[in-house]
Amino acid sequence: DIILCEKKTRALKLLNFFNIRPKLLIAYHDDKCEKIAPRIIKDLKNKKNISLISDAGTPLISDPGHKLVKTLIDNDIEPISIPGPTSIISALTLSTMDISNFLFLGFLPKNKKKIHEILTDKLAINVPVVILSSSRELVVLIDILSNSFQNTFISVSKEISKINEGTKRGTSTEIKNIINNDFFKKGEFVITILNFNQ
């Protein structure tokens, strides 16, 4: 009956391909939760079928949905999760690291000092640390790693499951030396980092 999505134009490409015609398509982000949730709760209690989808990846994993799911559960409505694609697991499997345990940080703050503090704390755990990044943020991250965390191995995966998919691996210094390569210029990246000097 209703599909909540990030961007209607992106969602319609998928829905049209599979000939799915919801009665209502709503653009949803967590800052709209308070406005949208009452209607969603009412419709769910009236037995309407409602879905939440992402542009890419899985809802709630660095995508909208957390506030809505929590609100539903607080109102005694139990959501059903159908796992979607996730670049995180694919990037981990391509990293060559032991991924029996890992730590997912999502997107880091913009502030260099805060990034440095987070890396100092989290890399000490000695499990692969996974970070999401744009191309511009990646340059900053690699610069910090190569200057302050030289004993790290890095796997940088780009555009997982898309036409320009690829992975580059090496120490922080090796990746810094090739950061001007076209591979790093554009796209969405998953960076897996392991401190090998523990």
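**Entry 1: cysteines.** I began with C33, which counts as buried at 4% relative accessibility (buried means under 20% relative accessible area, exposed over 50%, partly exposed in between, with a 1.4 Å probe and protein chains only). C5 is buried as well, its relative accessible area being 1%. I then looked for disulfides (a disulfide is a pair of cysteine sulfur atoms within 2.5 Å) and recorded zero in the structure. For C5, the nearest cysteine sulfur is that of C33, 15 Å away, and C5 is in no disulfide.

**Entry 2: basis of the notes.** I am working from a predicted model, in which local features need pLDDT of at least 70 and side-chain atom pairs count only at pLDDT 80 or more, while totals for chains, interfaces and linings use all residues. Residues are numbered from 1 along each chain as its sequence is written, and side-chain values use heavy atoms, with hydrogens and water left out.

**Entry 3: helix 6.** I took helices (H or I, at least four residues) and strands (E, at least two) as DSSP runs numbered from the N terminus. Helix 6 covers residues 135-148, and its end C-alpha atoms lie 20 Å apart. I listed its buried residues as S135, L138, L141, I142, I144, L145 and S146. The elements covering them include helix 5 (112-123), strand 5 (129-134) and strand 8 (188-195).

**Entry 4: nonpolar cores.** I next examined the nonpolar cores (sets of buried Ala, Val, Leu, Ile, Met, Phe, Trp, Tyr and Cys residues joined through side-chain atoms within 4.5 Å). The largest has 21 residues, and L119, L145 and V156 have the most contacts inside it. Helix 6 gives the most to this core, namely five residues. Beyond its neighbours within four places in sequence, L145 is in contact (heavy atoms within 4.5 Å) with residues including L119, L123, I154 and I193. I also noted a second, separate core of 13 residues, with I2, I36, I40 and L68 among them.

**Entry 5: strand 5.** Five of the six residues of strand 5 are buried. I checked its pairing (two strands pair if DSSP finds at least two bridges between them). Strand 4 (residues 103-107) pairs with strand 5 in the parallel sense over four bridges, and F107 has L132 as its bridge partner. Strand 8 runs antiparallel to strand 5, joined to it by six bridges; here I131 stands opposite I191.

Technical notes: The expected span of a helix is 1.5 Å times one less than its number of residues.
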